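Colleague: I am new to this structure, so please walk me through it step by step.

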Amino acid sequence: MLLEQLSISHCRVIEKAELKLSPRVNLICGDNGSGKSSILEAVAILSRGRSFRTSRITDVIRQNEEAILIRADSHDGENHFRIGIEKSKTTTRIRVNQQDINTQAALSRYLPITIIDPNSIELLTGSPSIRRSYVDWIAFYLFPEFHSIWQNYQRILKQRNLCLRVPKFISALPVWTDELIKAQLQIISYRERSLELLNPQLAIFADQLLEGHSIKLKLTSGFAQAMDLSVESQRAFYLERQETDIKSARTLSGAHRADLQVLFNDQIAQHSASRGQLKLIAIAMLLAQSRSIDPDDKRKGIIAIDDLAAELDGDNKVRLLSTLRGLNQQLLLTTTQSELIPLHDEDCMFHVKHGKVVLNDSSV
Ligand SMILES: Nc1ncnc2c1ncn2[C@@H]1O[C@H](COP(=O)(O)OP(=O)(O)O)[C@@H](O)[C@H]1O
Ligand SMILES: [Mg+2]
């Protein structure tokens, strides 16, 4: 997927901006506070419905304005898509090729964007839900049916939790337990298939960014103890834990408690890698995420990096830049240092000042 034209209205400091993007490197330069990250936030809202910096849309809507509006022309090699999203405090309107559509997931399909920013290290240091979303993102793009399977699991989990919480529903507990068991076996299998595609990509980026150190990802099941996950053994497990689940008023084990173990040289990364290495591991994981949804080189994801120079030191920066150049994907990079990347013919450089964006003509 490529973004060709991006139009942003009322996003933080940006009143209105139009960017005609390069299919390769787009370097977005400007001083602190000029509006660089706001551009990436706009792209994130288009792709996921929310910013990567805040979950509150009101933070992002420009002061004294009602709604944020983001539109883009994109194409996937064969077809053109005109996509757009308008969000106010209370409403969301999504359009694809002049048709209103009613789910964010349907819009997200058109725009697989991976965002790397200084908080990406939370992929390792943050809560398991961040790592589950990381794997589920891959399953979402690789397997069109995964999203409804995931939604179904959430629905079943809610019903089972209701049975645990409300005494008059307790008789339905065995039914919802069985449904949960069935649904989570599906989720586990999709997550495992995603990891199978992810791990080889990760090995390549580990080699390029971490000088031969190895990174491997392993899925944990979401059950406190290692156990066989056959239907029978799960049934026995949930029965044995029923009282504890009732006391907590929720289901304490299952796919919604799964985690991803990140192994750095076969040891838990969070306990063994330095902070600098953790940052590089997170970057390698995110680049691998973007590559793994494109096994046949057809549906390329877009990679956006906010302030890439800020936290990487000399050698690491050089290694990352050469890795990015080798990706053959569309890149949106923000920086305060316009000399950061020597630009090639096809690349674009934009300057942002007080929320206004201009194309630097000498770059094209
Ligand atoms: N809702 C808003 N309305 C108007 N301006 C905002 C809003 N939220 C943040 N800003 C302003 O936008 C700017 C932040 O832009 P940002 O994209 O983070 O800059 P950069 O990434 O270039 O450092 C700041 O100057 C901030 O004061
Ligand atoms: Mg910024």
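**Pockets, a hairpin and cysteines**

Colleague: Which strands each supply at least two residues of the lining of the second largest pocket?
Modeller: Strands are DSSP runs of E with at least two residues, and helices are runs of H or I with at least four, both numbered from the N terminus. A pocket is an open set of points on a 1 Å grid over the protein atoms alone where a 1.4 Å probe fits, with protein on both sides within 12 Å along at least five of seven lines; lining residues have an atom within 4 Å of a point. The strands that qualify are S4 (67-75), S5 (80-88) and S6 (92-96).

Colleague: What kind of model is this?
Modeller: Residues are numbered from 1 along each chain as its sequence is written, while chains are lettered from A and ligands numbered from 1 in the order in which they are written. Side-chain values use heavy atoms, without hydrogens or water; local features need pLDDT of at least 70, side-chain atom pairs count only at pLDDT 80 or more, and totals for chains, interfaces and linings use all residues, this being a predicted model.

Colleague: Why does the largest pocket lie between domain 1 and domain 2, and what is its volume?
Modeller: Domain 1 (1-112 + 300-364) and domain 2 (121-298), with bounds from an automatic or database domain assignment, both give residues to its lining, so the pocket lies between them. Helix H5 has the largest share of that lining, nine residues. The volume is about 1300 Å³.

Colleague: Which residue stands opposite Phe350 in S15?
Modeller: Strands pair if DSSP finds at least two bridges between them. Here S14 (residues 348-353) and S15 (residues 356-359) run antiparallel, joined by four bridges. They form a hairpin with two residues between them, and His354 in the turn has a positive phi of about 45°. Opposite Phe350 stands Leu359.

Colleague: How many disulfides are there, and is Cys11 buried or exposed?
Modeller: A disulfide is a pair of cysteine sulfur atoms within 2.5 Å, and the count is zero. For Cys11, the nearest cysteine sulfur, that of Cys29, is 18 Å away. Buried means under 20% relative accessible area, exposed over 50% and partly exposed in between (1.4 Å probe, protein chains only). With 0% relative accessibility, Cys11 is buried.

Conventions
Grid points are joined across faces, edges and corners, and a volume is the space filled by probe spheres set on the points.
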